Amino acid sequence: MKRNIITISREHCTGGLDIARKVARDLNIPFYDKELITMAAKESGLSEESIAAVEKRRSASLLYSLYTMGNQLPLADQVFILQSKIIKELAEEGPCVIVGRCADYVLRDMPGVLRTFIYAPMEYR
């Protein structure tokens, strides 16, 4: 089955978000970016603000990781798992453009996915 899912990863200041919106508009298919935060908030009961904050913050502390291993998953991991589930559901529903949120990785085993990465040389940013 042909799905026509497009994932767009991008560097900041490359116009990737505008390109993604235009692609979705031109193909007349749904576009998902920050909407994934809203969907994750509704499904989890967390606030949109807390999910957005988790996306910006990365916990790289070894001690923190070791501490949380015996307890529950860190919130960042919980958000990633939740958004991954939502991304997979959206891709199963039909054609769409998904920006960021590791969608290219999340959908790595799904056929019919076009994975793109938008960048620009430093002199153009």
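Of the 21 residues in the largest nonpolar core, Leu36, Ile87, Ile98 and Leu107 touch the most other members. Such a core is a set of buried Ala, Val, Leu, Ile, Met, Phe, Trp, Tyr and Cys residues joined through side-chain atoms within 4.5 Å. The model is predicted: local features need pLDDT of at least 70, side-chain atom pairs count only at pLDDT 80 or more, and totals for chains, interfaces and linings use all residues. Residues are numbered from 1 along each chain as its sequence is written, and side-chain values use heavy atoms, with hydrogens and water left out.

- Another core, of nine residues, lies apart from the largest one and has Ile6, Ile8, Ala20 and Ala24 among its members.
- Beyond its neighbours within four places in sequence, Leu107 is in contact (heavy atoms within 4.5 Å) with Ile5, Thr7, Ile87, Lys88, Ala91, Ile98, Val113 and Arg115.

**The sheet**

- Four strands form an open sheet with parallel pairing, in the order β2-β3-β1-β4; two strands pair if DSSP finds at least two bridges between them.
- The edge strands β2 (31-32) and β4 (113-118) each pair on one side only.
- Helix α1 (residues 16-27) packs on the sheet and touches β1 (5-10), β2, β3 and β4. The direction of α1 makes about 165° with that of β1; angles run from 0 to 180 degrees between N-to-C directions, and axes are lines fitted to C-alpha atoms, for helices over the stretch in contact.
- Strand β3 (residues 96-99) pairs with β2 in the parallel sense over two bridges. Within β3, Ile98 stands opposite Tyr32, and Val97 stands opposite Phe31.
- The pairing of β3 with β1 is also parallel and runs over four bridges. Here Val97 in β3 is the bridge partner of Ile6.
- From β3, Cys96 and Ile98 point one way while Val97 and Val99 point the other way, and all are buried. Buried means under 20% relative accessible area, exposed over 50%, and partly exposed in between (1.4 Å probe, protein chains only).

**Packing of α3 and α5**

- Two packed helices are described by the angle between their axes and the distance between the axes.
- For helix α3 (residues 48-56) and helix α5 (residues 75-93), the angle is about 105° and the axes are 9 Å apart.
- The two helices α3 and α5 are therefore roughly perpendicular to each other. Angles under 35 degrees count as roughly parallel, over 145 as roughly antiparallel, 65 to 115 as roughly perpendicular and the rest as oblique.
- On the α3 side, Ile51, Val54 and Glu55 meet Leu75, Ala76, Val79 and Gln83 of α5.
- By class, the contact of α3 with α5 has five nonpolar, one polar and one charged residues. Ala, Val, Leu, Ile, Met, Phe, Trp, Tyr, Cys and Pro count as nonpolar, Asp, Glu, Lys and Arg as charged, and the others, Gly among them, as polar.

- Ala41 lies in helix α2 (residues 35-44) and is buried, with a relative accessible area of 8%.
- Leaving aside neighbours within four places in sequence, Ala41 contacts Leu46, Ser47, Glu48 and Ile51. Between Ala41 and Val79, 38 residues apart in sequence, the C-alpha to C-alpha distance is 9.3 Å.
- Cys96, in strand β3, is buried, with a relative accessible area of 1%.
- Not counting residues up to four places away in sequence, Cys96 touches Asn4, Ile5, Ile6, Ile29, Pro30, Tyr32 and Leu90. The C-alpha atoms of Cys96 and Ile29 are separated by 5.2 Å, although these residues are 67 apart along the chain.

**Positive phi values**

- Most residues other than glycine have a negative phi, and most peptide bonds are trans.
- Cys13 has a positive phi, near 65°. Cys13 is placed in the loop between β1 and α1 and is exposed, with a relative accessible area of 64%.
- Arg101 also has a positive phi, near 55°. Arg101 is placed in the loop between β3 and α6 and is buried, with a relative accessible area of 17%.
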